[in-house]
Amino acid sequence: HQHPDAIMFAVSARDLLDRAECYPTLAAALADTTISVGTTRRTGKYRQELLTPPQVATTLQQRGDGIAALVFGREDHGLSTEELSLCTLQATIPSNDDCGSLNLAQAVLIFCYELFGVADHGPACQHRETAPSGEQEAFFTHLEGTLARIGFLNPQNPAHMMRYLRRIFFRAGLDSHEVSML
């Protein structure tokens with residue numbers, strides 16, 4: 001992010017580059033977030049319940065507690081299934097199948113535009129705070145271990161069932177007390 005080209009193209013947003021933080025893993029980057037949205041162009045078994053950018057903006061406004069993160073993949077091949085499974089929600093930008101995916105800058109712009117649009121409508125109304133990702137990941141690790149010990153998970157592919165369980169718990173928007181209780 002401190003490459004001379006990045007600095008040159010940042011123009012008047014240089015302060016954003018100076019404040020950028022780097023993390024060793026996506027899980028570490030998401031540890032203090034309460035909601036994260038992974039973006040994808042692909043669909044499939046583990047890429048369901050995909051929100052559109054306007055739906056993401058509305059959801060983030062409604063669940064306006066804590067820290068939110070938008071997660072974009074690499075320009076050439078996007079997010080892996082494992083990376084996407086770390087995100088609370090998944091989203092896509094509907095487009096013509098003949099055109100494939102948008103480039104990264106275009107995708108970021110569309111999501112930022114939608115977020116800017118809902119920001120003008122006043123503060124979000126939230127009655128409880130969603131648990132940070134770090135707490136949720138600790139819960140998922142514990143849950144997977146427990147389910148493996150009782151023979152609920154297929155030992156050859158425990159991630160398969162865990163992805164479905166993660167989706168269920170992410171939809172619930174658990175707070176810290178609920179995560180601790182579970």
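**Close-up 1. Helices H4 and H6 pack at an angle of about 45°.** In this predicted model, H4 spans residues 53-62 and H6 spans residues 104-119. Helices here are DSSP runs (H or I, at least four residues) and strands are E runs of at least two, both numbered from the N terminus. The two axes lie 8 Å apart. Axes are lines fitted to C-alpha atoms, for helices over the stretch in contact, and angles run from 0 to 180 degrees between N-to-C directions. At that angle, H4 is oblique to H6. Angles under 35 degrees count as roughly parallel, over 145 as roughly antiparallel, 65 to 115 as roughly perpendicular and the rest as oblique. The H4–H6 crossing is right-handed: a crossing is right-handed if the near helix is turned clockwise from the far one by less than a right angle, and left-handed if anticlockwise. On the H4 side, Pro53, Pro54, Val56, Ala57, Thr58, Leu60 and Gln61 make the contact. H6 contributes Ile110, Phe111, Glu114, Leu115 and Val118. Contact means heavy atoms within 4.5 Å.

**Close-up 2. The buried residues of H4 line one face of the helix.** They are Pro53, Val56, Ala57, Thr59 and Leu60. Buried means under 20% relative accessible area, exposed over 50%, and partly exposed in between (1.4 Å probe, protein chains only). Seen down the H4 axis, these residues fall within an arc of 165°, where the arc is that of the directions from the helix axis to the C-beta atoms. Their cover includes strands E1 (35-39), E2 (50-51) and E3 (68-71), together with E4 and H6.

**Close-up 3. Asn103 sits in the loop between strand E4 (89-91) and H6.** Its relative accessibility is 32%, so Asn103 counts as partly exposed. Gly66 is 37 residues away from Asn103 in sequence. In space, their C-alpha atoms are 29 Å apart.

Close-up 4. Buried in H7 are Ser133, Gln136, Glu137, Phe139, Phe140, Leu143 and Leu147. The buried residues pack against H3 (26-30), H8 (158-172) and H9 (176-181). Just after H7 comes Gly151, with a positive phi of about 80°.

**Close-up 5. H7 and H8 cross at roughly 135°.** Their axes come within 11 Å. H7 is thus oblique to H8, and the crossing is right-handed. H7 brings Gln136, Glu137, Phe139, Phe140, Leu143, Glu144 and Leu147 to the contact. From H8 come Pro158, Met162, Leu165, Arg166, Phe169 and Phe170.

**Close-up 6. Helix H8 and the glycine that follows.** The 15 residues of H8 should span 21 Å, and the 22 Å between its end C-alpha atoms agrees. Met162, Arg163, Leu165, Arg166, Arg167, Phe169 and Phe170 of H8 are buried. Helix H5 (81-85), E4 and H7 are among the elements covering them. After H8, Gly173 has a positive phi, near 60°.

**Notes.** Residues are numbered from 1 along each chain as its sequence is written, and side-chain values use heavy atoms, without hydrogens or water. Local features need pLDDT of at least 70 and side-chain atom pairs count only at pLDDT 80 or more, while totals for chains, interfaces and linings use all residues.

Definitions and conventions: The expected span of a helix is 1.5 Å times one less than its number of residues.
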